[in-house]
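Open the model in your viewer and keep the selection tool at hand.

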Amino acid sequence: MLNSKNLCQKLNNREFVVTVEMSTPKGADISNSIEEARKLYGIVDALNITDCPMANMRMSPIALAHLLQNHLNIETIFHLTCRDRNLIGLQAELLGAYALGVRNILALTGDDPKRGDVPQATGVYDVDSIGLIKIAKSLNNGFDYSGNKLESSTSFCIGTTANPNDLSKESIEKLKIKIENGASFIQTQPVYDEKILYRFLDAISKFGIPVLVGVLPLKSYKMAVNLNAKVPGIEIPDYILERLKNNGKGEGLKIAVEFINKIKNVVNGVHIMPLGRTDIVVDIINNVKNIKTDIKKEVL
């Protein structure tokens with residue numbers, strides 16, 4: 001049984017929340033996923049389970065989310081993309097996830113299949129992330145996409161994404177539409193400059209929605225340069241690049257800790273993307289001053 005206070009309750013109470021991103025395995029064995037997740041028990045509030053990121057085929061996020069909750073009693077957020085499922089499939093996945101006890105969703109449009117390891121696959125995209133949020137909200141209200149009444153309703157906690165580096169009118173308006181249609185929290189793209197974050201928070205303050213700030217710890221100068229060049233939505237400032245270039249191993253950890261310490265009192269939490277390096281999450285949490293987690297700690 002999961003912690004009595006769930007993720008949405010914590011966010012609504014404006015408690016500081018820590019979530020961590022995990023990829024599903026490229027295979028049917030989840031033993032490594034369980035062991036990596038076990039390291040995070042008691043120090044994070046929820047695990048984000050990705051849905052075939054970059055359009056690379058992997059295990060269903062709903063399956064892994066359910067299994068981790070059952071094995072470790074740790075709350076999960078499953079990503080769901082519009083790329084791989086039509087309107088029937090999206091609704092079926094959501095109802096199945098809810099029946100399995102996975103109640104938190106991050107709604108995503110999804111990367112183009114041509115970018116991934118199955119380039120001959122067809123992207124569906126009956127709806128985009130806004131449409132998926134509408135679907136989840138409709139299921140919460142007891143109706144399917146076509147307006148037919150369900151035998152029982154859901155109560156999903158619906159998340160959406162945002163890029164703090166993009167404050168265009170179009171981007172802010174799209175975020176507003178997502179919130180109006182049912183999104184109840186935001187997870188941002190990775191941010192490395194608190195000034196950029198503060199401008200974003202000011203731009204969306206009228207929406208009154210909890211924000212979890214994306215933190216992607218940088219392993220090296222080379223990694224940072226590649227992210228800047230190849231990943232849309234990520235902008236790493238020159239002064240961060242200089243620090244990574246001029247200092248040794250561990251500088252990326254210091255940068256992440258310093259950033260969280262600076263912003264932790266003005267946001268509702270952080271979403272850490274360790275790219276498989278679970279141990280660095282533990283190091284970050286252990287080094288951030290007075291970070292608030294509200295999870296029952298016990299030995300598994």
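Select Cys8 and Cys157: a disulfide joins them, S to S 1.8 Å (the cut-off is a pair of cysteine sulfur atoms within 2.5 Å). The structure holds one disulfide. Display the S-S torsion of Cys8 and Cys157: it is about 80°, so the bond is right-handed. Now colour by secondary structure. Cys8 sits in helix α1 (residues 7-12) and Cys157 in strand β5 (residues 157-162), so the bond ties parts 149 residues apart in sequence. Helices (H or I, at least four residues) and strands (E, at least two) are DSSP runs, numbered from the N terminus.

This is a predicted model: local features need pLDDT of at least 70, side-chain atom pairs count only at pLDDT 80 or more, and totals for chains, interfaces and linings use all residues. Numbering starts from 1 along each chain as its sequence is written, and side-chain values use heavy atoms, with hydrogens and water left out.

Check burial next. Buried means under 20% relative accessible area, exposed over 50%, partly exposed in between (1.4 Å probe, protein chains only). Cys8 is buried at 15%, and Cys157 is buried at 3%.

Move to Cys52. Its sulfur is 14 Å from the closest cysteine sulfur, in Cys82, too far for a bond. Cys52 is buried at 12%, and Cys82 is buried at 0%.

Last stop: the largest nonpolar core, 69 residues. Such a core joins buried Ala, Val, Leu, Ile, Met, Phe, Trp, Tyr and Cys through side-chain atoms within 4.5 Å. Select Val44, Leu68 and Phe78, which are among those with the most contacts inside it. Apart from it lies another core, of 13 residues, including Tyr192 and Met273.
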